[in-house]
Amino acid sequence: MPLTQGSNMPQIAETSSNAAQIEYWNTTAGETWAQFQEALDRQVEPLGLAAMDVLCPGEGEHIIDIGCGCGQTSLALAARVRPTGSVVGVDISEPMLDVALRRPRSADLQVAFRKLDAQTGDIGHGLFDAAFSRFGVMFFSDPVAAFANIRASLKPDGRLAFVCWRPLNENPWMQAPLQAALPLLPPVAPPDPTAPGPFAFADPSRVRSILADSGYGSMTINPFDADIGGGDLEQTLKLALAVGPLGRALREHPELADNVVDAVSLEMCCQTISLRTACECLALSGLFWPVLAECDLKTTLTVEQVAQKLTRRGADHYGAWSRSRL
Ligand SMILES: C[S@@+](CC[C@H](N)C(=O)[O-])C[C@H]1O[C@@H](n2cnc3c(N)ncnc32)[C@H](O)[C@@H]1O
């Protein structure tokens, strides 16, 4: 994969099995993340650093950043592997990649951004020492196919580290505003916990099974807690109303916004009183899994073996994907 700025972004087929996510991250979600980039980076930076510590990138390594979004982690990884190492950030969201490309960066960082679907796109074969992601891997329509594609882009002894959320009801930073709003919103059916979305990897046994099926060997998944916030009440409220399940509900029911804003605002005020930190910033706890998976040479499956396994399970589209790569 050439290490270029990638400003000439290719279009991703709208017929892709990730079409709904591609639409979502190129419209409402991508625009919101681009707009709130600074605040969101501040909120999740410590969580990404926890995954980087688990990955332990070394000078000279070549790393792929999956679902790199607005690029904060790609630049941080590039700083850890410089001067000879490099980072390629891939993402499906043009608005977020635009922010990534515009970010100031030091001249000695080797970093490139590519618009690419990590599940179906050609991310190369045996190129990278490691793959990394901060909350960018829970949105695949076929996670096994996606992680096998990422696995194929790694060197035989490569490794993968990412962070994903633990369940929504264990994440007060998102649950508290949502709970305050729920009585005012139309009832919704409980979401499928395995459907693509921020909490799709909340169950670590599912993560283990997906990674094992896509050719990874030893895995480490340990719980980790962090304070998420860093903004004042107004900033925190704005963000809570814009992103995640609550942001989505308000975009679908803008007519309910006024009442919801009042209720969420009241809840955040209460949280502020009980949780105000020394720096006058609001922080609520966030619970997540940093995951490390290694391409264990003894147990690693070839791309062909993974395809056979999946074809046997009836995943025809994955067989087609794999044949096109062999
Ligand atoms: C929650 S955001 C996280 C962004 C960034 N990693 C961060 O921490 O700021 C999820 C990201 O995953 C990207 N994404 C979702 N599905 C993807 C796919 N199939 N291939 C590549 N990126 C994807 C989205 O466009 C979005 O940028």
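**From the ligand shell to the helices around it**

By class, the shell around the ligand holds eleven nonpolar, nine polar and three charged residues. Here Ala, Val, Leu, Ile, Met, Phe, Trp, Tyr, Cys and Pro count as nonpolar; Asp, Glu, Lys and Arg count as charged; the others, Gly among them, count as polar. Of the 23 residues around the ligand, Trp 25, Gly 67, Gly 69, Ser 93 and Gly 136 come nearest. Two or more residues each are given to this shell by helix H1 (19–26), H4 and strand E2 (86–91). A residue belongs near the molecule if its C-beta atom, placed from the backbone, lies within 6 Å of it. Helices (H or I, at least four residues) and strands (E, at least two) are DSSP runs, numbered from the N terminus.

This is a predicted model: local features need pLDDT of at least 70, side-chain atom pairs count only at pLDDT 80 or more, and totals for chains, interfaces and linings use all residues. Residues are numbered from 1 along each chain as its sequence is written. The predictor's confidence in each residue, pLDDT, runs from 0 to 100. Its mean over the protein chain is 83, and 82% of the residues reach 70 or more. Over residues 1–10 pLDDT stays under 50. Over residues 309–326 pLDDT also stays under 50.

The protein chain has 13 helices and eight strands. Of its 326 residues, 46% count as buried. Buried means that 20 or more other C-beta atoms lie within 10 Å of a residue's own; exposed means 12 or fewer, and partly exposed lies in between, with C-beta atoms placed from the backbone.

Now take H4, one of the elements in the ligand shell. Eight of its ten residues are buried, so H4 is largely enclosed by the rest of the structure. What covers them includes helix H3 (37–55), strand E1 (62–66), E2, helix H5 (94–102), strand E3 (111–115) and strand E4 (128–134).

Leu 77 lies in H4, which spans residues 72–81. Leu 77 is buried because 28 other C-beta atoms lie within 10 Å. Beyond four places in sequence, Leu 77 touches Met 52, Pro 57, Ile 63, Asp 65, Val 87 and Phe 132. Contact means C-beta atoms, placed from the backbone, within 7 Å. Met 52 is 25 residues from Leu 77 in sequence, yet their C-alpha atoms are 7.6 Å apart.

H5 has its own buried residues: Pro 95, Met 96, Leu 97, Val 99 and Ala 100. They pack against H1, helix H2 (28–35), H3, H4, E2 and E3.

Leaving aside neighbours within four places in sequence, Cys 164 contacts Phe 135, Val 137, Met 138, Phe 201, Phe 288, Trp 289 and Val 291.

Helix H7 (residues 172–181) and helix H10 (residues 244–252) pack at an angle of about 35 degrees, their axes 8 Å apart. Met 174, Pro 177, Leu 178 and Ala 181 of H7 meet Gly 244, Pro 245 and Leu 246 of H10. This contact has six nonpolar, one polar and no charged residues. Axes are lines fitted to C-alpha atoms, for helices over the stretch in contact; angles run from 0 to 180 degrees between N-to-C directions. The cover over the buried residues of H10 includes H7 and helix H9 (233–242).

Conventions. Contact = placed C-beta atoms within 7 Å.
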